[in-house]
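The sequence and the structure are shown first, and the description follows.

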Amino acid sequence: MLRPGDRVRVIATAYQPDSRLDRGIEILESFGLEVEVGDHVDDVYGYLAGTDDDRLADLNAAFSDPGIRGVFAARGGYGTQRIVDRLDLEAVRRDPRVFVGFSDLTSLMGRLWQSARLVTFYGPMVNWTDSRTGPVEIESLRKAIMTTEPAVLTRDPAEPSSAVVVPGTATGRLLGGNLTMIQTAIGTRDLPDLAGAILLFEDVDEAAYSYDRMLTQLLRTGALDRIAGVAIGQFTNAANNATWNAATAVLDRIGGLGVPVLGGLRIGHGNGQLTVPLGAKATIDTAAGTLTVESGVTA
């Protein structure tokens with residue numbers, strides 16, 4: 001786990017961050033961490049934060065510098081999958097460290113688990129928005145990376161995905177992330193083996209039929225054949241059909257898998273985003289409405 005005084009580095013593998021980055025750095029410094037910024041974070045190449053080679057150089061430098069104990073994604077958007085195949089996995093395996101990101105970073109997090117068994121943290125980017133992620137969410141991030149306490153999330157009935165529930169309890173490693181990026185990973189080395197896992201997914205700006213389409217493809221490929229359960233985060237800015245909303249479409253697709261499903265978790269692009277470790281053992285209990293995830297770090 002990270003400790004006060006540890007050096008950490010902020011990198012941009014996708015879009016360029018903006019002025020909100022300063023606030024995220026301030027938060028990390030409030031944890032007692034010494035924050036460095038990758039050489040190319042402020043670069044611009046089209047819609048990306050620099051060329052593929054430069055973004056990759058920042059990524060590999062952050063994972064190979066023995067003095068860096070944590071790596072934080074500056075911003076998502078798009079672009080990580082363009083460089084993930086050239087990740088220096090030997091450096092990751094040789095000296096594991098904390099990594100925090102979400103959304104487009106799902107491709108990197110999937111590769112880090114599948115190829116190096118590195119637990120990563122699905123939580124806010126350093127490009128921080130206080131109106132979306134306040135004191136509770138700051139503490140959720142700090143606890144996830146700086147303590148060995150489990151993360152316990154409770155179903156929020158105000159979340160649109162809370163309507164998706166299939167009763168039961170299940171235990172398995174929590175794997176997944178952004179649904180678009182999970183679907184995009186089919187046929188690549190980024191898609192984790194979900195056998196026995198609790199699949200976590202969330203998304204933003206997707207219509208009900210998009211959730212249907214993405215889950216249908218996962219079903220058709222057999223990726224969901226042996227999952228233990230499903231934990232669903234936020235359906236942020238979901239455009240609804242006249243008769244079906246995102247929750248209806250999702251329940252139609254996964255309700256018949258024969259595994260427990262718990263929606264309504266504050267994980268993803270919406271307000272109140274909490275942090276959870278991917279790759280750690282987790283339990284969903286639909287009667288209690290809880291997702292409990294073991295710590296992703298050691299003391």
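Which residues are exposed on the other side of α1? They are D22 and S30. The model described here is a predicted one.

## Helix α1 and its surroundings

Helix α1 spans residues 21-30, and its buried residues are L21, G24, I25, I27 and L28. Seen down the helix axis, these buried residues fall within an arc of 155 degrees, so they line one face of α1. D22 and S30, by contrast, are exposed on the other side.

The buried residues of α1 are covered by elements that include the strands β1 (7-11), β2 (34-37) and β3 (68-73), together with helix α5 (135-146). After α1 comes G32, which has a positive phi, near 90 degrees.

In soluble globular proteins, nonpolar side chains tend to be buried together. The largest nonpolar core of this model has 41 residues, and F99, L174 and L291 have the most contacts inside it. Helix α2 (residues 52-64) contributes the largest share of this core, 4 residues. Apart from it lies another core, of 29 residues, with W113, V119, I232 and V261 among them.

Leaving aside residues up to four places away in sequence, F99 touches F63, V71, A73, L105, L108, M109, L112, T120 and F121.

Strands of a sheet pair through backbone hydrogen bonds, either parallel or antiparallel. An open sheet of 8 strands in this model shows mixed pairing, in the order β6-β14-β13-β8-β9-β10-β11-β7. Its edge strands are β6 and β7 (165-166), each of which pairs on one side only.

Strand β6 (residues 151-154) pairs with strand β14 (residues 290-293) in the antiparallel sense over 4 bridges; here V152 has T292 of β14 as its bridge partner. Strand β13 (residues 281-285) also pairs with β14 in the antiparallel sense, over 4 bridges, and I284 stands opposite L291 in β14. L291 is also one of the residues with the most contacts inside the largest nonpolar core. β13 and β14 form a hairpin with 4 residues between them, and in the turn G289 has a positive phi of about 70 degrees.

Strand β8 (residues 169-178) runs antiparallel to β13 and is joined to β13 by 5 bridges. The bridge partner of R173 in β13 is K281. Helix α7 (residues 208-221) packs on the sheet, where α7 touches β9 (198-204) and β10 (229-236). The direction of α7 makes about 145 degrees with that of β9.

Key: Residues are numbered from 1 along each chain as its sequence is written. This is a predicted model: local features need pLDDT of at least 70, side-chain atom pairs count only at pLDDT 80 or more; totals for chains, interfaces and linings use all residues. Side-chain values use heavy atoms; hydrogens and water are left out. Buried means under 20% relative accessible area, exposed over 50%, partly exposed in between (1.4 Å probe, protein chains only). Helices (H or I, at least four residues) and strands (E, at least two) are DSSP runs, numbered from the N terminus. The arc is that of the directions from the helix axis to the C-beta atoms. Contact means heavy atoms within 4.5 Å. A nonpolar core is a set of buried Ala, Val, Leu, Ile, Met, Phe, Trp, Tyr and Cys residues joined through side-chain atoms within 4.5 Å. Two strands pair if DSSP finds at least two bridges between them. Axes are lines fitted to C-alpha atoms, for helices over the stretch in contact, and angles run from 0 to 180 degrees between N-to-C directions.
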